Amino acid sequence: MSSEAVHYNMHDAKTHLSRIIERVEHGEEIFIDRAGTPVAKVVPLVRRAHRTAIGSLAGQLDLSGDWDSAATNAAIAAEFGLGEGDGDSDGDSDGA
């Protein structure tokens, strides 16, 4: 890749958008000009996380043994203003 900035005029950018995107995906920055003046810069999108498949967080999460207990569920429900004081964590008001 060249360190020199790549410029496309507006017409060429419309015509070759797929080619521009492909170059950007490979790390290049592209400028789009209108009447010889740069008006836009197309840059690669930086992802915060690369979770592309089921299980991509395997080994990175630690769920304690009581993560799905009635007490934990009731505490979470209380945080959202649900089921307060009835001790019923499943929301069906049967007490079970």
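Which residue takes a positive phi in the hairpin of β2 and β3? A35 does, near 55 degrees, and the hairpin has two residues between the strands. Keep in mind that this is a predicted model: local features need pLDDT of at least 70, side-chain atom pairs count only at pLDDT 80 or more, and totals for chains, interfaces and linings use all residues. Numbering starts from 1 along each chain as its sequence is written, and side-chain values use heavy atoms, with hydrogens and water left out.

**Strands**

- Helices (H or I, at least four residues) and strands (E, at least two) are DSSP runs, numbered from the N terminus.
- Strands count as paired if DSSP finds at least two bridges between them.
- β1 (residues 6-9) lines up with β2 in the parallel sense, over four bridges.
- β2 and β3 run antiparallel, with five bridges joining them.
- I32 has A40 in β3 as its bridge partner.

**Salt bridges**

- There are two salt bridges in the structure (a side-chain nitrogen of Lys or Arg within 4 Å of a carboxyl oxygen of Asp or Glu).
- As a bit of background, side chains of opposite charge can pair when their charged atoms come close.
- E28 counts as buried, because its relative accessibility is 15% (buried means under 20% relative accessible area, exposed over 50%, partly exposed in between, with a 1.4 Å probe and protein chains only).
- R23 has a relative accessible area of 27%, so R23 is partly exposed.
- K41 makes a salt bridge with E29, and their closest N and O atoms are 3.3 Å apart.
- This pair links distant parts of the chain, 12 residues apart: K41 sits in strand β3 (residues 37-42), while E29 is in the loop between α2 (17-25) and β2 (30-34).
- K41 is partly exposed at 47% relative accessible area, and E29 is partly exposed at 38%.

**Nonpolar patch**

- I76, F80 and L82 make a nonpolar surface patch of about 350 Å².
- Patches are made of residues with over 30% relative accessible area and no salt bridge; like charges are joined within 9 Å, and nonpolar side chains (Val, Leu, Ile, Met, Phe, Trp, Tyr) within 5 Å.
- The accessible areas come from the Shrake-Rupley method with a 1.4 Å probe, and for residues only the protein chains shown count as cover.
- I76 is found in helix α3 (residues 70-79), and I76 is partly exposed, with a relative accessible area of 43%.
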